[in-house]
Amino acid sequence: MTRRRNEKAMEKLAKIRRLVREGPSSLRNRSEEEVIRRLRETRQKLWEAKLASHSR
Amino acid sequence: MLLILDSNEYLFAFGVAQRPASRALFDRLLTERGLHQIRLPRLILGEIQRNFPASIFREVVKLIQDFVHVDEDFLVPFELGSKYEQMGLKAADAFIGAYTEFVGADALVTENRHFLTRRSDLPFRVLTAEQCLRVLEAKK
């Protein structure tokens, strides 16, 4: 049961990795540092949007 | 162990940039679910969503819904966030620190080297994926 569940989960993970590898992504082929910097920017934008929606 | 994985860990685990340790950690946590608890705040889920097309994000949700618990951001007390802001973090990063403390996590796993790594007085550990793998191995 657990083995089957793990196999299914790994299949889903493999599908995501294939989609990331083959699909369009603005983050593909970027360095680790660039990805981290981009994520920090995303975090900041989401946080500001959250604050703005709460202050209305 | 109760672990919080930062958004960079999810992206690296899914194949954005070459980061073998992040991939290995995610594989391990996935196949050993039940042994460890993984939680994430809505904010981190939003960061993953923002950086993937909808078609990929849908698959991510299908994968993680079985083994990652998602918490709403508003659960975290404001005062706890302030504590981390006073440590010099930006508000959004302070929230992640506060969230990690609030849920009582053992560790925050991140490749962001700026994130609290120089603090030794935290109620949780800040680990890279590589360090986390070593900790999991030692606990075996």
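Predicted model: local features only at pLDDT ≥ 70, side-chain atom pairs only at ≥ 80, totals over all residues.
View 1. In contact (heavy atoms within 4.5 Å) are 44 residues of chain B and 29 residues of chain A. The area buried between the two chains is about 3400 Å²; this is accessible area (1.4 Å probe) lost on putting the two parts together, summed over both. Carbon and sulfur atoms give 61% of that area.

**View 2. Charged and polar pairs between chain B and chain A.** Nine salt bridges cross the interface, each a side-chain nitrogen of Lys or Arg within 4 Å of a carboxyl oxygen of Asp or Glu. One joins B:Asp93 to A:Arg40, at 3.5 Å from N to O.

**View 3. The side of chain B that touches chain A.** α1 (7-13), α2 (20-31), α3 (42-50), α4 (54-64) and α6 (91-102) of chain B each supply at least two residues. Helices are DSSP runs (H or I, at least four residues), numbered from the N terminus. α4(B) gives the most, six residues.

**View 4. The largest nonpolar core.** This core has 67 residues. Its members are buried (under 20% relative accessible area, 1.4 Å probe, protein chains only) Ala, Val, Leu, Ile, Met, Phe, Trp, Tyr and Cys, joined through side-chain atoms within 4.5 Å. Residues with the most contacts inside it include B:Tyr10, B:Phe26 and B:Phe52. α6(B) provides the largest share, six residues.

**View 5. Around B:Phe52.** Beyond neighbours within four places in sequence, B:Phe52 contacts A:Val20, B:Leu11, B:Phe14, B:Val16, B:Phe57 and B:Val60.

Residues are numbered from 1 along each chain as its sequence is written, and chains are lettered from A in the order written. Local features need pLDDT of at least 70, side-chain atom pairs count only at pLDDT 80 or more, and totals for chains, interfaces and linings use all residues, while side-chain values use heavy atoms, without hydrogens and water.

Key
Polar contact = N/O pair within 3.5 Å; in protein donor to acceptor, adjacent residues only side chain to side chain. Buried < 20%, exposed > 50% of the residue type's maximum accessible area, 1.4 Å probe, protein only.
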